[in-house]
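Student: I'm new to this one. Can you walk me through it?
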Amino acid sequence: MAAAHHFDCVVLGGGSGGIAFARRAATYGAKVALVERSRMGGTCVNVGCVPKKIMWCAANAFESLHGMRHLGVEFSDPPRLNWQKLVQNRENYIKRLNRIYEDNLDKSQVRRFYGFATLNPQNHSDGQHVVLVNSSKEEAAKGAEPLQRLTAKHVLIATGGRPSPLGVPGGELCIDSAGFFALQQQPRKVGVVGGGYIAVELAAVLQSLGSETHFFCRQHAPLRKFDSMIQQQNLANMRRLGIQ
């Protein structure tokens, strides 16, 4: 039988929007629960802005080392990237941010649940929404009930979005931006498909870190919704880096 808990509001999704809403609602005296199936912080913290900036900093430093030769700085050995160490240090930093988000929720007295949530199509007899949470393996190992039953008058859905698959032959062999951050080995050769700023950023990072990078987009140039001057400068930068 599922363990039962009642709240004024249940938030589905532990990203920026869900966390901000949960903490603000709690300051007004609401009893709030937040359900997250993965790590706190959402896309930006775990597989978006934050890890991308760390990879960009590494790429920028690596490119600067190569550029020092023009200033007369010589190395006895060429600079070499330790991809595994970069990924490990990046993940350690993100885990620290995860803990900060958890601590802030605890300080705001927001109850955290980890697992996959589903809305019960049949509400409680008094009109309350019913949310069923299948606890994650990690939470179950800590003693959490396998199935949690949450009831609340209000439910906020803040689960974010997912990238659309390519829908072409061979598309199942591709990875998305989240897959990029899951790479444990540096690819020797990679193709980046897409003309948006995320594709441009990741292509530049990969090329600067030493991966042979090929760029594919449908239009005449990437960043087609940006100002033409930005498009032209970006193309020049990509060619300078050696992106094909």
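Student: Where is Val 73 found?
Tutor: This is a predicted model, to start with. Val 73 sits in the loop between α3 (49–67) and α4 (83–107).

Student: Is Val 73 buried, exposed or partly exposed?
Tutor: Partly exposed, with a relative accessible area of 34%. Val 73 also belongs to a nonpolar patch on the surface, together with Met 68, Leu 71 and Phe 75. The patch has about 360 Å² of accessible area.

Student: New topic. What order do the barrel strands follow?
Tutor: The order is β1-β2-β3-β4-β5, five strands that close into a barrel with mixed pairing. From one strand to the next, the twist averages 60 degrees.

Student: Which strands does helix α1 touch?
Tutor: Helix α1 (residues 16–27) packs on the sheet and touches β1, β2 and β5. Its direction makes about 165 degrees with that of β2.

Student: And how many bridges join β3 to β4?
Tutor: Five, and the two strands run antiparallel. Thr 118 has Leu 132 in β4 as its bridge partner.

Student: How many salt bridges does the structure hold?
Tutor: Seven. One of them joins the side chains of Glu 201 and Lys 52, at 3.1 Å from N to O. Glu 201 lies in helix α7 and Lys 52 in helix α3, so the pair ties together parts 149 residues apart in sequence.

Student: Is Lys 52 buried or exposed?
Tutor: Buried, with a relative accessible area of 16%. Glu 201 is partly exposed, at 28%.

Student: Which residues are linked in a salt-bridge network?
Tutor: Arg 39, Arg 90 and Glu 91. Both Arg 90 and Glu 91 are buried.

Key
Residues numbered from 1 in each chain as written. Predicted model: local features only at pLDDT ≥ 70, side-chain atom pairs only at ≥ 80, totals over all residues. Heavy atoms only, no water. Pairing = 2+ DSSP bridges. Helix = DSSP H or I, 4+ residues; strand = E, 2+ residues; numbered from the N terminus. Axes fitted to C-alpha atoms, helices over the stretch in contact; angles between N-to-C directions. Contact = heavy atoms within 4.5 Å. Patch = residues over 30% accessible without salt bridge, like charges linked within 9 Å, V, L, I, M, F, W, Y side chains within 5 Å. Areas by Shrake-Rupley, 256 points an atom, 1.4 Å probe, with all protein chains shown as cover. Salt bridge = Lys/Arg side-chain N within 4 Å of Asp/Glu carboxyl O. Buried < 20%, exposed > 50% of the residue type's maximum accessible area, 1.4 Å probe, protein only.
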